[in-house]
Amino acid sequence: MTQQEPGNDYPLSEVPMHARKGLASTAMVLLGFTFFTATMFAGGKLGVAFSFVDMLGVVALGNLLLGIYAAGLGYIAFKSGLNSVLMGRFCFGEVGSKLSDLILGFTQIGWYAWGTATAAVVLGKYFELSQGNVLALMVVFGLLFCATAYVGYRGLEILSYIAVPAMGILLCLSMWVATVKVGGLQGLLAVVPTSELDLSTAITLVFGTFVSGATQATNWTRFSRSAKVAVLASLIGFFVGNGLMVLIGAYGAIVYQQPDVVEVLLLQGFAMAAMAMLLLNIWSTQDNTIYNFAVAGCNLLRTRRRKTVTLAGAVIGTLLALLGMYDMLVPYLILLGTVIPPIGGVIMADFFYRYRGHYPRLADARLPAFNWPGLTAYAVGTVLAFNSPWVAPLVGIVAASLTYMALTAVLRGRTALADAQA
């Protein structure tokens with residue numbers, strides 16, 4: 001069944017071809033998602049730890065890996081018309097997929113809480129508001145930011161068409177002023193690193209900061225009109241968009257010792273532009289985030305009432321913001337970079353290895369309650385990522401994929417042997 005009320009966006013079924021979008025629409029929504037303040041802090045750490053040329057290399061490599069990962073999942077989303085939580089039914093089972101629903105939903109509601117709190121706290125500091133007024137702002141923003149997500153894909157698209165060009169202009173202006181201040185390219189090349197960071201940790205920072213978003217970008221790439229649209233939009237969003245955010249953070253750290261572009265704009269004398277950047281930057285990510293939560297919630301509860309789940313998520317996120325989510329970003333980012341990537345690894349192995357690149361229609365599929373190879377592979381990937389001294393998210397993805405393929409091959413062998421003996 002795919003006939004649903006307008007704007008509900010097919011939360012429990014494939015997106016039909018008549019509802020698919022082109023490159024401009026899909027890429028703009030993904031750029032709105034990846035233009036996010038928190039990503040700049042990863043760039044800030046790179047900016048003071050590497051020479052300018054080396055920093056550019058790290059940013060390019062980390063975001064290329066992220067873009068390839070997002071593009072792989074985006075291709076599956078186009079082919080199947082499904083998002084990650086619905087793909088989870090194939091690789092984890094009808095009941096087992098609720099695990100990925102909980103993990104993906106929980107992480108997104110945490111992002112929503114952090115973004116809501118950040119907007120209120122920064123405005124509170126700028127306008128010197130009392131603590132009570134800051135808390136009141138959190139409530140206002142918590143409800144405001146979910147408005148476009150409540151509308152659905154179309155709401156996200158409209159906001160992105162407004163926010164992305166505006167933020168692009170502000171970012172270019174800020175980078176130009178910063179470049180002039182530091183003495184142009186010659187000044188940037190002369191900057192001496194003031195801290196140390198090994199390459200593995202640096203790639204982990206770049207790749208891990210938004211890998212949770214890349215895993216759930218299928219919520220929009222499943223609307224792609226073609227495989228080319230899905231892949232290019234993913235690369236534009238996560239290689240170009242996320243890469244620009246990391247680069248801006250590095251620029252700010254090098255020139256102003258401040259990775260946050262809002263603070264940089266204030267230092268540059270663009271006060272009103274800084275406030276506009278803050279709201280556009282956070283809102284264009286917040287609506288995508290709460291949309292992700294709603295999609296995961298719909299699959300968890302097996303309900304098509306996406307709009308109701310969106311509102312419920314906004315209320316929960318606002319409560320978490322009021323309870324102090326603003327101070328928990330760093331440990332939260334580490335958690336996200338460890339527990340989410342193995343989900344994507346299992347999904348890709350399941351689609352390309354077990355299903356040979358083609359899922360059956362979800363309504364026609366006879367799926368077990370639990371697909372133990374998928375759940376086991378996820379557990380192995382997560383444990384190895386937690387204990388990896390190298391790039392934890394990549395280790396989680398590769399380990400989960402290889403484990404799943406190995407377990408699937410063993411089961412196929414046993415099945416073939418049993419059939420031969422029967």
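1. Ser-388 sits in the loop that joins α19 (372-386) to α20 (392-421). The model is predicted, and every value below should be read as computed from it. Ser-388 has a relative accessibility of 19% and counts as buried, because buried means under 20% relative accessible area. The side chain of Ser-388 reaches the backbone nitrogen of Trp-390, at 3.1 Å.

2. Helix α20, on one side of that loop, also packs against α10 (residues 199-209): the two axes come within 8 Å and cross at roughly 65°. α10 and α20 therefore count as roughly perpendicular to each other, since that class covers angles from 65 to 115 degrees. On the α10 side the contact is made by Thr-204, Phe-207 and Gly-208, and on the α20 side by Ala-392, Pro-393, Leu-394 and Ile-397. By class, five of the residues in this contact are nonpolar and two are polar, with no charged residue.

3. Ser-84 belongs to helix α4, which covers residues 84-92. With a relative accessible area of 3%, Ser-84 is buried. Which residues does Ser-84 touch, leaving aside those up to four places away in sequence? They are Leu-104, Thr-215, Gln-216, Thr-218 and Ile-347. For Thr-215 there is also a polar approach: its backbone oxygen lies 2.6 Å from a polar atom of the Ser-84 side chain. Gln-108 is 24 residues from Ser-84 in sequence, and their C-alpha atoms are 13 Å apart in space.

4. Helix α1 (residues 23-34) and helix α13 (residues 227-256) have axes that come within 8 Å and cross at roughly 30°. The two helices are therefore roughly parallel to each other, because angles under 35 degrees fall in that class. The crossing is right-handed. From α1 the contact takes in Leu-23, Thr-26, Ala-27, Leu-30, Leu-31, Phe-33 and Thr-34. From α13 it takes in Val-229, Leu-232, Ala-233, Ser-234, Ile-236, Gly-237, Phe-238, Gly-241, Asn-242 and Met-245. Sorted by class, the contact of α1 with α13 holds eleven nonpolar and six polar residues, and no charged ones.

5. Helix α15 (residues 271-301) and helix α16 (residues 306-322) form another pair, with axes that come within 8 Å and cross at roughly 120°. That angle makes α15 oblique to α16. α15 passes α16 in a right-handed crossing. The residues in contact are Ile-290, Tyr-291, Phe-293, Ala-294, Gly-297 and Cys-298 of α15, with Arg-306, Val-309, Thr-310, Gly-313, Ala-314 and Ile-316 of α16. This contact has eight nonpolar, three polar and one charged residues.

6. Is Thr-310 buried or exposed? Thr-310, a residue of helix α16, counts as buried, at 0% relative accessibility. Not counting residues up to four places away in sequence, Thr-310 touches Cys-146, Ala-149, Tyr-150, Ile-290 and Ala-294. Ile-290 and Ala-294 are among the α15 residues that make the contact with α16.

Definitions and conventions: Residues are numbered from 1 along each chain as its sequence is written. This is a predicted model: local features need pLDDT of at least 70, side-chain atom pairs count only at pLDDT 80 or more; totals for chains, interfaces and linings use all residues. Side-chain values use heavy atoms; hydrogens and water are left out. Helices (H or I, at least four residues) and strands (E, at least two) are DSSP runs, numbered from the N terminus. Buried means under 20% relative accessible area, exposed over 50%, partly exposed in between (1.4 Å probe, protein chains only). Contact means heavy atoms within 4.5 Å. A polar contact is a pair of N or O atoms within 3.5 Å; within protein, one must be able to donate a hydrogen and the other to accept it, and residues adjacent in sequence count only if both atoms are side-chain atoms. Axes are lines fitted to C-alpha atoms, for helices over the stretch in contact, and angles run from 0 to 180 degrees between N-to-C directions. Angles under 35 degrees count as roughly parallel, over 145 as roughly antiparallel, 65 to 115 as roughly perpendicular and the rest as oblique. A crossing is left-handed if the near helix is turned anticlockwise from the far one by less than a right angle, and right-handed if clockwise. Ala, Val, Leu, Ile, Met, Phe, Trp, Tyr, Cys and Pro count as nonpolar, Asp, Glu, Lys and Arg as charged, and the others, Gly among them, as polar.
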